[in-house]
Amino acid sequence: MSNTIAIFASARRNGNTGKFIDWIADDLGIDIIDLSEKDISPYDYDHKNFNDDFLPLMQKLLEYDKIIFVTPVYWYAPSAQMKIFIDRTSDFLDIEELKDIGRRLRKKTAYIVCTSISSDADASFINSLKDTFGYLGMAYGGYVHANCEDGYIKENYLQDVNRFVASVRESVCV
C-alpha cells in the first residue's frame, strides 16, 4: 500500500506499541519511520533548528496520502517524541517559505495507532490529535487501540485490527 506510511514514536521500539504497529504495517505492506532514529529538535521560536531531520522527514511524508501516527498514550497524551514532531509542524505556519509545504498536509488523511493500559484510548488523547489534524487541514481516518494492561495479547485485538486495516485500505484521500 504505497500511499500509506506510519510514524512511530515510543521509547521502546520492540515494546507493545512497536509490536502492534509491526502487525498492522505488515498487513498493509507499509513502511514505518521510527522517530527515535531521527534528530528532531523541539520547536524553536527563533527557528534555529533547520539542520535537523524534521524538514527532510516531512518532505518524505508528503509523498504519501495516508499517514498513521503511532504512539503509546502517556498521561492522556502522545509520547514526547510524537509531541515534538507535531509541535514542529508550527514551522509550516510561521516561516513564509515553508507555508506551501505545510499546505500540502491538507490533502492527507491521518490515522492513529495507540496502546495504553486502559480498555480504550482516552477521549482527550484522541481529540487532541483529531483537533491537530483538523487544524492542519488533514482528514481524520480513525484509530485503533490495544489495551496492554495485561501485556500485549495479539488475539485480543484481531477484530479491531482487521477493521482498521480494511478502513485504511478502503479510504479515499481528500
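Tutor: Let's start inside: there is one cavity of 30 Å³ or more. A cavity here is a set of points on a 1 Å grid over the protein atoms alone where a 1.4 Å probe fits but cannot get out, and lining residues have an atom within 4 Å of a point. This is a predicted model, where local features need pLDDT of at least 70 and side-chain atom pairs count only at pLDDT 80 or more, while totals for chains, interfaces and linings use all residues. Residues are numbered from 1 along each chain as its sequence is written, and side-chain values use heavy atoms, with hydrogens and water left out.

Student: OK, what volume does the largest cavity have?

Tutor: About 80 Å³, counted as the space filled by probe spheres set on the grid points, which are joined across faces, edges and corners.

Student: And which residues are closest to its centre?

Tutor: Out of 13 lining residues, those are Phe69, Phe85, Thr89, Leu136 and Met138. The lining divides into 11 nonpolar residues, two polar and no charged. Nonpolar covers Ala, Val, Leu, Ile, Met, Phe, Trp, Tyr, Cys and Pro; charged covers Asp, Glu, Lys and Arg; the others, Gly among them, are polar.

Student: Is cysteine 114 buried or exposed?

Tutor: Buried, at 0% relative accessibility. The cut-offs are under 20% relative accessible area for buried, over 50% for exposed, and partly exposed in between, using a 1.4 Å probe and protein chains only. Cysteine 148 is buried too, at 6%.

Student: How many salt bridges does the structure hold?

Tutor: Six, each a side-chain nitrogen of Lys or Arg within 4 Å of a carboxyl oxygen of Asp or Glu. One of them joins lysine 83 and aspartate 87, 2.6 Å from N to O.

Student: Where do lysine 83 and aspartate 87 sit?

Tutor: In helix α3, four residues apart, so about one helical turn separates them. Helices are DSSP runs of H or I with at least four residues, strands are runs of E with at least two, and both are numbered from the N terminus. Lysine 83 is partly exposed at 43%, and aspartate 87 is partly exposed at 27%.

Student: Which residues are linked in a network of salt bridges?

Tutor: Asp52, Arg88 and Asp91.

Notes:
1 Å grid on protein atoms, 1.4 Å probe; cavity = no way out; pocket = protein on both sides within 12 Å on 5 of 7 lines; lining within 4 Å.
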